[in-house]
Amino acid sequence: MLLRAAEELSMVLRRIKMSRFQATWLLLLVPLTTKSVSAQDPSVAQLQQWVAGHNVAAIRSLGRPVLPKLVQLYEAADDDGFKSRVAQTLYELGWESPEAKRALMKDIHTLNQDLRLQVQWALGRVSSDPDVVDALLANMRSDSNPLFRDKAACALAYDQIHLSEQQRVHLFGALIEALRDDKYDVRHIALLALQIHTGQTKGFDPGGSWADREQKVKVWQTWLERYKSGL
């Protein structure tokens, strides 16, 4: 009888031990299950893999309806490296997206170098809104990091692919005004951006005297007035 009682006690203890093990195991699984459930759905998981692997062709094949999911991935990412990958993907797709613009604009002043550069380059390829151009112009003229100033100018020169002619007038006017900047490097990159857009320099020398620079700025302004009148 004592033996039977001992066996029953042993079985109870084994069940208790097993229950505790199962509870611990379930606790370990909860984050994974939550992650995979909040990992949205298989299509988003696949999209995440394509972004990480830089498979832009596969993403492009999904068409423009994929844009909200890309924005979702960008905004949910805790890793700036992955956000940079999403921004690069948006850049290469070149599709306008108000949602992508709003998400990218939140990082227009990030100090993470790779993310900042990818955001600056991508913005003009997802939006033609004037505040995008203005934000890039502000970075070009005022950012404390010369690299960010230079690459903002590159974005203004090469990546404003959706601008209307009237919006280009706004861009040209702001670049011409930047020729008056106190910083030599800003005058230099503003001139390069104008030259890339127009094929002209009007003889402006960013290292010339103030009087000479001012005279050439007025030449640029006269050109811009004629450009506007021809639209």
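Predicted model: local features only at pLDDT ≥ 70, side-chain atom pairs only at ≥ 80, totals over all residues.
**Exercise 1. The packing of H4 and H5**

Task: Describe how the axes of helices H4 and H5 cross, and state which residues make the contact.

Solution. 
1. Two packed helices are described by the angle between their axes and the distance between the axes.
2. Helix H4 spans residues 67-76 and helix H5 spans residues 80-93; their axes come within 9 Å and cross at roughly 155°.
3. Angles over 145 degrees count as roughly antiparallel, and H4 and H5 are therefore roughly antiparallel to each other.
4. The handedness of the crossing of H4 and H5 is left-handed.
5. On the H4 side, the contact is made by Leu67, Leu70, Leu73 and Tyr74. On the H5 side, it is made by Phe82, Lys83, Val86, Ala87, Thr89, Leu90 and Leu93.
6. Sorted by class, the contact of H4 with H5 comprises nine nonpolar residues, one polar residue and one charged residue.

**Exercise 2. The buried residues of H6**

Task: Identify which residues of helix H6 are buried, and state what covers them.

Solution. 
1. Helix H6 runs over residues 98-105, and its buried residues include Ala100, Lys101, Ala103, Leu104 and Met105.
2. The cover over the buried residues of H6 includes H4, H5, helix H7 (113-126) and helix H8 (130-142).
3. One of the buried residues of H6 is Met105, which is also touched by Ala135.

**Exercise 3. Positive phi at non-glycine residues**

Task: For His54 and Lys202, state the value of phi and where each residue is found.

Solution. 
1. Most residues other than glycine have a negative phi.
2. His54 is not a glycine, but has a positive phi of about 55°. His54 is in the loop between helix H2 (42-52) and helix H3 (56-60).
3. With a relative accessible area of 32%, His54 is partly exposed.
4. Lys202, also not a glycine, has a positive phi of about 60°. Lys202 belongs to the loop between helix H11 (184-198) and helix H12 (210-229).
5. With a relative accessible area of 24%, Lys202 is partly exposed.

**Exercise 4. An aromatic cluster and a loop residue**

Task: Work out how the ring pairs Phe172 with Trp223 and Trp220 with Trp223 are arranged, and find which of these residues Gln200 is in contact with.

Solution. 
1. Rings of Phe, Tyr and Trp pair if their centres lie within 6.5 Å; by this rule the count comes to four aromatic pairs.
2. For Phe172 and Trp223, the ring centres are 5.8 Å apart and the planes are at 50°, so the pair is tilted.
3. Phe172 lies in helix H10 (residues 165-178) and Trp223 in helix H12, so this pair ties together parts that are 51 residues apart in sequence.
4. Phe172 counts as buried at 1% relative accessibility, and Trp223 counts as buried at 15%.
5. Trp220 and Trp223 form an edge-to-face pair, with 5.4 Å centre to centre and 85° between the planes.
6. Trp220 and Trp223 are three residues apart in helix H12, and are therefore separated by about one helical turn. The relative accessible area of Trp220 is 0%, so Trp220 is buried.
7. Together, Phe172, Trp220, Trp223 and Tyr227 form one aromatic cluster.
8. Gln200 lies in the loop between H11 and H12 and is partly exposed, with a relative accessible area of 25%.
9. Leaving aside neighbours within four places in sequence, Gln200 is in contact with Leu194, Gln195, Trp220 and Trp223. The C-alpha atoms of Gln200 and Trp220 are separated by 9.6 Å, the two residues being 20 residues apart along the chain.

Definitions and conventions
Residues numbered from 1 in each chain as written. Heavy atoms only, no water. Axes fitted to C-alpha atoms, helices over the stretch in contact; angles between N-to-C directions. Helix = DSSP H or I, 4+ residues; strand = E, 2+ residues; numbered from the N terminus. Parallel < 35°, antiparallel > 145°, perpendicular 65-115°, else oblique. Left-handed = near helix turned anticlockwise from the far one by under 90°. Contact = heavy atoms within 4.5 Å. Nonpolar A, V, L, I, M, F, W, Y, C, P; charged D, E, K, R; others polar. Buried < 20%, exposed > 50% of the residue type's maximum accessible area, 1.4 Å probe, protein only. Phe/Tyr/Trp six-rings, centres within 6.5 Å; stacked < 30°, edge-to-face > 60°.
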